[in-house]
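Trainee: I would be grateful for a close look at a single part of this structure. Please take the salt bridges as the subject and follow them in one connected account.

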Amino acid sequence: MTIEILRIGADFDRYGELLDLILAAFAFMDGRIDPPSSARRLTPASLRQKARQEIAFAAIDNGRLVGCIFLKPEEALLYIGKLAVHPSTQGKGVGRSLLGQAEATAHELGLSSLRLETRIELIENHRLFAAWGFGKTTESRHTGYDRTTSIEMRKRLD
């Protein structure tokens, strides 16, 4: 497996494939998280808009789209959203490569930390992000819920 990380720019035209990738990567959450993932509301057009507003990268393996990450600069940190790796390539370093790109982007922008949110039910994600150097910082709830629905995790960069 040879992973190439490419910036999703104005010439990117694979938004239907990108949506399929995100939906496949997030499918394991169906029926496990409440409220349902916002990924279910994405469309190729909304992904195109998201890529214009944020910093997005795609992971490509021999021409096949196998992962993506969307990054949004915030005060002193870089927010990681829609980190997705196709189920057939999970555990093969794609996520780590995308995270490495997020770290490099944060350094380029002079930002000292990475931030992400993950659902409270997804314990395996909590463990994975902890193994990648993230620590839990806060809990939150979606509007209309009286219980914790997600946690925030951060990674301080050197």
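Mentor: In this predicted model, E74 is partly exposed, with a relative accessible area of 26%. The side chain of E74 meets that of R115 in a salt bridge, at 2.9 Å from N to O.

E117 is partly exposed, at a relative accessible area of 42%. These residues belong to a network of salt bridges that links E74, R115, E117, E152 and R154.

E117 leads on to the largest pocket, as it is among the residues closest to the centre of that pocket, together with F26, M29, L83 and N125. The pocket holds about 1,000 Å³ of space, and its lining comprises 19 nonpolar, twelve polar and ten charged residues. Strand β4 gives the largest share of this lining, seven residues.

A further salt bridge joins E103 and K155, with the closest N and O atoms 2.5 Å apart. E103 lies in helix α3 and K155 in strand β7 (residues 150-156), so the pair ties together parts that are 52 residues apart in sequence. K155 is buried, with a relative accessible area of 15%. Across the whole structure, the search finds twelve salt bridges.

Methods: Residues numbered from 1 in each chain as written. Predicted model: local features only at pLDDT ≥ 70, side-chain atom pairs only at ≥ 80, totals over all residues. Heavy atoms only, no water. 1 Å grid on protein atoms, 1.4 Å probe; cavity = no way out; pocket = protein on both sides within 12 Å on 5 of 7 lines; lining within 4 Å. Points joined across faces, edges and corners; volume = space filled by probe spheres on them. Helix = DSSP H or I, 4+ residues; strand = E, 2+ residues; numbered from the N terminus. Nonpolar A, V, L, I, M, F, W, Y, C, P; charged D, E, K, R; others polar. Salt bridge = Lys/Arg side-chain N within 4 Å of Asp/Glu carboxyl O. Buried < 20%, exposed > 50% of the residue type's maximum accessible area, 1.4 Å probe, protein only.
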